[in-house]
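The entries below follow the order in which I looked things up.

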Amino acid sequence: LIYCYRKPKTKRAKRFLEKREPKLKENTKNAMLIKGGNANLTVTEVLKDIYAVKKPFAVLYKKKNITRPFEDQTSLEFFSKKSDCSLFLFGSHNKKRPNNLIIGRMFDYHVLDMIELGVEKFVSLKDVKNSKCPEGTKPMLIFAGDMFEVNEEYRRLKSLLIDFFRGPTVPSIRLAGLEYVLHFTAVDGKIYMRSYKVLLKKSGCKIPRIELEEMGPSLDLVMRRTHLASDDLYKLSLKQPKALKPKKKKNISHDVFGTTYGRIHMQKQDLGKLQTRKMKGLKKRPAEKSAEDGGVSPKKSKSA
C-alpha cells in the first residue's frame, strides 16, 4: 500500500498534524466510551459514571453505534483515529450477553487486546450520597487477589485497567492530592471494582489518620470473552525509543552499601612546576639558586 502525504495548507492543520506526530514522551492516553445499538439503561449509566471518573481524558459518544467489536473492528479503529483515543470502552446489551462491557486498547490505531466483562451488580455515583472528588483527580490503584498474578488473562486485564485509569504522569505528589482510590479484587471468578474517597483525619501527630469513604461507582464484573495480542505484537507495543533508554555511565561503580565511586583518568603531572602560594618564607635563598645553576654566583664581580 502506498500512502500519499498531503502538506497542510493552513497553520491550524499544521498544528493538528504536529500534535498527532509520534513523540518521545507520549501524551496521556484518551479513552472513548461508545454505546452499542442495543444498550439498556444500566450500560448507559455505567458509561456515564466511567466517563465522570475518567474526565477530562475521555470522549463519550451519546449516539448508538451498531457494531460488534469481536467480529468487526473497523468502526472502532475509525473512531480511534478520528478522536485520537488509544483506549475504548464499548457497552451493549442482549439476551445472550446482558449488561455487556468490552474494554480494550489500540496500538497504531489497530486493536491490540480487548476483554469482555459482564456487569452483575452496579451502584451508580448518584446512588451514593457522599461528597465526590473533583474532576481530573488522579486515582490510586489497588489490585487484590492471586488471579492477577497467576492467570495470563487476568494479568492482561490488570495491565489494561492500569492503562485505562492511571491518568497523567506527574513529577511529584503531595499528600492532599491522594484523595481517590480505585480497588479491584479478583476472587471466585469475579472482579469487584470499588471506589473510595480518602479522608485525612487528625491523629495528634504529623501523620494523619486515614479513613476510606465509599464514593461510587461500584461494579461486580465477570469475565466473558477475550481477544489478546500475540506475544510478538505485545512486545512490539512495549518497545521504547533509544533516546529514552538510560545511557550507561563509564568508570562508575557502586559498593554493597550504595556508595558511588568514580574513576578519573589524568595525565602525569610535573609537581616541580606546580604553582604554589608566593610567600616570603618559601622564596629560595641566593645560595640555593647558585647551587641549582651549577655553582655560578649570581652576583657580578667588581672590576678593579
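**Entry 1: a cut-off to start with.** I count a residue as buried under 20% relative accessible area, as exposed over 50%, and as partly exposed in between. With a relative accessible area of 29%, Lys190 is therefore partly exposed. I also note that this is a predicted model.

**Entry 2: strand 10 and its partners.** Which strands pair with strand 10? I found strand 5 (residues 110-123), which runs antiparallel to strand 10 (residues 218-227) over eight bridges. Strand 8 (residues 190-201) also pairs with strand 10 in the antiparallel sense, over four bridges. I then looked up Val222 in strand 10: Gly118 has Val222 as its bridge partner, and Lys190 stands opposite Val222 too.

Entry 3: I kept one general point in mind here: side chains of opposite charge can pair when their charged atoms come close. How many salt bridges does the structure hold? I get 14.

I started with Arg225 and Glu116, whose closest N and O atoms are 2.9 Å apart in a salt bridge. Arg225 sits in strand 10 and Glu116 in strand 5, so this pair ties together parts that are 109 residues apart in sequence. Is Glu116 buried or exposed? Glu116 is buried, because its relative accessible area is 1%. Arg225, at 30% relative accessibility, counts as partly exposed.

Next I went back to Lys190, whose side chain meets that of Glu120 in a salt bridge (3.0 Å, N to O). Glu120 belongs to strand 5 and Lys190 to strand 8, so the pair ties together parts that are 70 residues apart in sequence. Glu120 counts as partly exposed, at 47% relative accessibility.

Entry 4: I looked up Asp163 and Arg105, and their side chains meet in a salt bridge (3.0 Å, N to O). This pair links distant parts of the chain, with Asp163 in helix 5 and Arg105 in strand 4 (residues 100-107), 58 residues apart. Asp163 counts as buried because its relative accessibility is 13%. Arg105 counts as buried as well, at 5%.

**Entry 5: the nonpolar cores.** The largest nonpolar core has 34 residues, and those touching the most other members are Ile50, Leu89, Ile103, Leu117, Leu157, Phe164 and Phe165. Helix 5 gives the most to this core, with six residues.

Entry 6: Leu175, Leu200, Ile210 and Leu212 make a nonpolar surface patch of about 370 Å². Where is Leu175 found? I place Leu175 in the loop between helix 5 (152-165) and strand 7 (180-187). At 49% relative accessibility, Leu175 counts as partly exposed, since exposed means over 50%.

How values were computed. Residues are numbered from 1 along each chain as its sequence is written. This is a predicted model: local features need pLDDT of at least 70, side-chain atom pairs count only at pLDDT 80 or more; totals for chains, interfaces and linings use all residues. Side-chain values use heavy atoms; hydrogens and water are left out. Two strands pair if DSSP finds at least two bridges between them. Helices (H or I, at least four residues) and strands (E, at least two) are DSSP runs, numbered from the N terminus. Patches are made of residues with over 30% relative accessible area and no salt bridge: like charges are joined within 9 Å, nonpolar side chains (Val, Leu, Ile, Met, Phe, Trp, Tyr) within 5 Å. Accessible areas come from the Shrake-Rupley method with a 1.4 Å probe; for residues, only the protein chains shown count as cover. A salt bridge is a side-chain nitrogen of Lys or Arg within 4 Å of a carboxyl oxygen of Asp or Glu. Buried means under 20% relative accessible area, exposed over 50%, partly exposed in between (1.4 Å probe, protein chains only). A nonpolar core is a set of buried Ala, Val, Leu, Ile, Met, Phe, Trp, Tyr and Cys residues joined through side-chain atoms within 4.5 Å.
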